Structure formats: C-alpha cells, structure tokens
Amino acid sequence: MQPHDVTTPDGRHLEVLSGGDPDGFPWFFHGGSPSAAVPYAPMLDAAAEAGLRWITCSRPGYGASSPRLPAQGPPRFADDVADTAAILDALGLDEFVTLGWSGGGPRALGCAALLPQRCRAATSLAGVAPRHAADLDWAGAMAPENVAEYAAADAGAEAYDAYLVADFLPVLQ
C-alpha cells in the first residue's frame, strides 16, 4: 500500500492510496458516501491477481483530504471527476478503468462521460440515481439507514455530525 499526497490545481490536498500491482493497468475505485481512503485487503488482492493498480482517495473534507472552499459552491460529481484527473496526472497515468460503489457510482460514470480519452471502462455498483430525476422515488429502494443518513445530511452539518456520532460511530466499535 502506497500513500500519496496530491495537490489539486486550486491548491487543495487529496489523500490517495494505491496498491495491487504497481505496474498494472490503473483501476480507480470511487467508494461510497462518505468516503475516506481505506485499504481493503480483498480488493487489493483481487487487483494484484488481475494485474491492476488499485487507486482510491479520500473525498474532499474526509480523511486527510482538504475540504472544498465555500466559495467553490456546493460539491458536484463533476468536481470529483476533476480531482480524479488531478490524481491520475500526479501519478503519471494516462488511461484507467473505474468502479464506483454506492455514492461512488455517479463519480465513476462521470469519469466515463467527462474523461472519455482516458477512461476505458466504468462500472457503477449499487450506485445512486440522480436525486431529482423526474418520476423517480429516489429513496424508494434504499435501506432505512441510508434514508436516515441522507436526511441528516440534508439538515445541515450540525445534524449530520450528530447523526454520525449517534448512529454511525457505534457500528465501528
């Protein structure tokens, strides 16, 4: 496992991890929401066996990654695609494949749409749909804990922090 500190064009720092086959074809993993760069042995082992270099990062404001500046406005998936490109550039990588799980799904699909010369394949695994799509019950098939977390996030930073302390941290113990 190799840590990297990548500086974005706007001066933020992103916490990046890579593993698997260091000489393998790059595989960028976009984790679920919230997301920090955490090594996951089964994924790293699978990457190494497949000859892939596994890369992931902590999203802005998570782990050791700098948050986005308030002046930059609310975060958008396209912003995370730009961060992905900055990471690939810093690592000297031109092409890659990507997999996004849950909240990472739209980010992986965004890479395919916005980086078509670089992204050779993209997969969304249990990815979330566009939140305000017409005729879509966005939370309809979500687990109750996901609905509760999104409701807390929608209520603001203070409510989300309280939710994480009360409902998420006990899961980790």
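This is a predicted model: local features need pLDDT of at least 70, side-chain atom pairs count only at pLDDT 80 or more; totals for chains, interfaces and linings use all residues.
Which residue in E5 does His30 stand opposite? His30 stands opposite Gly100.

Residues are numbered from 1 along each chain as its sequence is written, and side-chain values use heavy atoms, with hydrogens and water left out.

**View 1. Strand E3 and its partners, E4 and E5.** Helices (H or I, at least four residues) and strands (E, at least two) are DSSP runs, numbered from the N terminus. Two strands pair if DSSP finds at least two bridges between them. E3 and E4 run parallel, joined by 4 bridges. Trp27 has Trp54 in E4 as its bridge partner. From E3 the chain passes through helix H1 (residues 41–50) to E4, a right-handed β-α-β crossover. Right-handed means that, with the strands pointing away from the viewer, the path from the first strand over the helix to the second runs clockwise. E3 and E5 also run parallel, with 4 bridges. E3 is mostly covered, with 5 of its 6 residues buried. Buried means under 20% relative accessible area, exposed over 50%, and partly exposed in between (1.4 Å probe, protein chains only).

**View 2. Helix H2, residues 77–90.** The expected span of a helix is 1.5 Å times one less than its number of residues. For the 14 residues of H2 that gives 20 Å, and the end C-alpha atoms are 20 Å apart, which agrees. The buried residues of H2 include Val81, Ala85, Ile87 and Leu88. Asp79, Asp80 and Asp83 are also among them. What do these buried residues pack against? Their partners are strands E1 (2–7), E2 (13–20), E3 (25–30), E4 (52–57) and E5 (96–101), and helix H3 (105–114). Contact means heavy atoms within 4.5 Å.

**View 3. Gly92, in the loop between H2 and E5.** Just after H2, Gly92 takes a positive phi of about 70°. Is Gly92 buried or exposed? Its relative accessibility is 59%, so Gly92 counts as exposed. Gly92 and Ala159 lie 67 residues apart in sequence and 40 Å apart in space, C-alpha to C-alpha.

View 4. A disulfide is a pair of cysteine sulfur atoms within 2.5 Å. For Cys57, the nearest cysteine sulfur is that of Cys111, 9.6 Å away. Cys57 is buried, at 13% relative accessibility. Cys119 is buried, with a relative accessible area of 8%.
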